[in-house]
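Reader: I would like to go through this model with you and ask, for each label you attach to it, what the label rests on.

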Amino acid sequence: MQMKLLIGLGNPSDKYVLTRHNAGFMFVDYVYEHNEIIKPWKFDKYVNAEVAEISNNNKTIILAK
């Protein structure tokens, strides 16, 4: 099984929502929206990030922002 991690960096403040400061968040959101993901975003307090997972065949991609 192959696993990859895709991390999108950004600022959680509403002040930066559609700015270059959140380009990483926007990219990860784009990947999330253009894949058939059943699991919603969930906050993982261990890594202090929102996390979602894409799985198909023997490949898993973990998205984090």
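**What the labels rest on**

Author: Within strand 4, Ala 64 is the bridge partner of Val 51. Please keep in mind throughout that this is a predicted model.

Reader: What makes strand 3 and strand 4 a pair, and in which sense do they run, parallel or antiparallel?

Author: Strand 3 and strand 4 are joined by six bridges and run antiparallel. Pairing requires at least two bridges between the strands, and with six bridges strand 3 and strand 4 therefore count as paired. The two strands also form a hairpin, with two residues between them, and Asn 57 in the turn has a positive phi of about 55 degrees.

Reader: Which strand pairs with strand 4 in the parallel sense?

Author: That is strand 1 (residues 2-7), which pairs with strand 4 (residues 59-64) over six bridges. Along this pairing, Met 3 stands opposite Thr 60, and Ile 7 stands opposite Ala 64.

Reader: Why is Thr 60 called buried?

Author: The relative accessibility of Thr 60 is 4%, and the label applies under 20%, so Thr 60 counts as buried. Thr 60, which is found in strand 4, touches Met 1, Gln 2, Met 3, Lys 4, Glu 53, Ile 54 and Ser 55, when residues up to four places away in sequence are not counted.

Reader: Is Val 28 buried or exposed, and how do you know?

Author: Val 28 has a relative accessible area of 1%, and since buried means under 20%, the conclusion is that Val 28 is buried. Val 28 lies in helix 1 (residues 23-33), and, leaving out residues up to four places away in sequence, it touches Leu 6, Ile 7, Gly 8, Trp 41, Leu 63 and Ala 64.

Reader: Which residues make up the largest nonpolar core, and what makes them a core?

Author: The largest nonpolar core has eight residues in all, namely Val 28, Val 31, Tyr 32, Ile 37, Trp 41, Ala 52, Ile 54 and Leu 63. They are called a core because such a set consists of buried residues of the nonpolar kinds joined through side-chain atoms within 4.5 Å. Helix 1 and strand 3 are the elements that give two or more residues to this core, and helix 1 gives the most, with three residues. In soluble globular proteins, nonpolar side chains tend to be buried together. Trp 41, one of the core residues, is in contact with residues including Val 28, Tyr 32, Ala 52 and Leu 63, its neighbours within four places in sequence being left aside.

Reader: What is the volume of the largest pocket, and which residues lie nearest its centre?

Author: The volume of the largest pocket is about 370 Å³. Of the 22 residues that line the largest pocket, Gly 10, Asn 11, Pro 12, Phe 25 and Lys 65 lie nearest its centre. Strand 1, helix 1 and strand 3 are the elements that give two or more residues to this lining, and helix 1 gives the most, with three residues. Taken by class, the lining has twelve nonpolar, six polar and four charged residues.

Note on methods: Residues numbered from 1 in each chain as written. Predicted model: local features only at pLDDT ≥ 70, side-chain atom pairs only at ≥ 80, totals over all residues. Heavy atoms only, no water. Helix = DSSP H or I, 4+ residues; strand = E, 2+ residues; numbered from the N terminus. Buried < 20%, exposed > 50% of the residue type's maximum accessible area, 1.4 Å probe, protein only. Contact = heavy atoms within 4.5 Å. 1 Å grid on protein atoms, 1.4 Å probe; cavity = no way out; pocket = protein on both sides within 12 Å on 5 of 7 lines; lining within 4 Å. Points joined across faces, edges and corners; volume = space filled by probe spheres on them. Nonpolar A, V, L, I, M, F, W, Y, C, P; charged D, E, K, R; others polar.
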